[in-house]
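Keep the structure open beside you and look up each residue as its name comes along.

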Amino acid sequence: MPTIKKSVLLIGLGVLSVLAILLYFSFNPEKGLFFPKCPSYQYLGIYCSGCGSQRAIHDLLHFRFGEAISHNLLLIPALFVLVQHGLVKVKVLKTKSFLNYRYAPIIVLIIVLLFMFLRNLKMYPFEYLAP
């Protein structure tokens, strides 16, 4: 990809990221009418791996780490992996991205599915994984 197109793409992603951060900082998804609801919970009554992520992002932006963890425990490690991957892609970090290893997609899939299964169990201690 030519350098100009890549720069425009990065600037666009940066602007969208700032707008999303301002939106999630300013409005609580628990009370906001324009935040999407989880279809798997709404129609099937089960928590997906992403349930609670919007509330967790709002809490993280307000430095309420305990509440963010209680909404979605998987979000914080996922953010670290995604940020590391992005920094590698834009050549800020000179290491290999966690997501570029051979078995990374399978490991991520297993973690996401296991988390989804465990957070829907109605027994101790798994009930704490529900948002």
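This is a predicted model: local features need pLDDT of at least 70, side-chain atom pairs count only at pLDDT 80 or more; totals for chains, interfaces and linings use all residues.

Residues are numbered from 1 along each chain as its sequence is written, and side-chain values use heavy atoms, with hydrogens and water left out.

**Around His-58**

What does His-58 touch, leaving aside its neighbours within four places in sequence? Its contacts (heavy atoms within 4.5 Å) are Tyr-24, Phe-25, Phe-27, Asn-28, Pro-29 and Arg-64. With Tyr-24 there is a distance to look up: a polar atom of the His-58 side chain lies 2.6 Å from the backbone oxygen of Tyr-24.

Buried means under 20% relative accessible area, exposed over 50%, and partly exposed in between, using a 1.4 Å probe and protein chains only.

| Residue | Relative accessibility | Class |
|---|---|---|
| His-58 | 6% | buried |
| Tyr-24 | 17% | buried |
| Phe-35 | 6% | buried |
| Phe-27 | 41% | partly exposed |

**Where two helices meet**

Helix H1 (residues 3-26) packs against H3 at an angle of about 90°, and their axes are 8 Å apart. (Axes are lines fitted to C-alpha atoms, for helices over the stretch in contact, and angles run from 0 to 180 degrees between N-to-C directions.) H1 is therefore roughly perpendicular to H3, a label for angles of 65 to 115 degrees. On the H1 side, the contact is made by Ile-21, Tyr-24 and Phe-25, while H3 brings Gln-54, Ile-57, His-58 and Leu-61.

**Rings in pairs**

How many aromatic pairs does a search of the whole structure find? There are six. Rings of Phe, Tyr and Trp (its six-membered ring) pair if their centres lie within 6.5 Å; planes under 30 degrees apart count as stacked, over 60 as edge-to-face and the rest as tilted. Tyr-24 and Phe-35 form a tilted pair, at 5.1 Å centre to centre with 45° between the planes. This pair links distant parts of the chain, 11 residues apart: Tyr-24 is in helix H1, and Phe-35 is in the loop between H1 and helix H2 (39-44). The pair of Phe-27 and Phe-34 is edge-to-face because the planes are at 80°, with ring centres 5.2 Å apart. Ring pairs link Tyr-24, Phe-27, Phe-34 and Phe-35 into a cluster.

How values were computed: A polar contact is a pair of N or O atoms within 3.5 Å; within protein, one must be able to donate a hydrogen and the other to accept it, and residues adjacent in sequence count only if both atoms are side-chain atoms. Helices (H or I, at least four residues) and strands (E, at least two) are DSSP runs, numbered from the N terminus. Angles under 35 degrees count as roughly parallel, over 145 as roughly antiparallel, 65 to 115 as roughly perpendicular and the rest as oblique.
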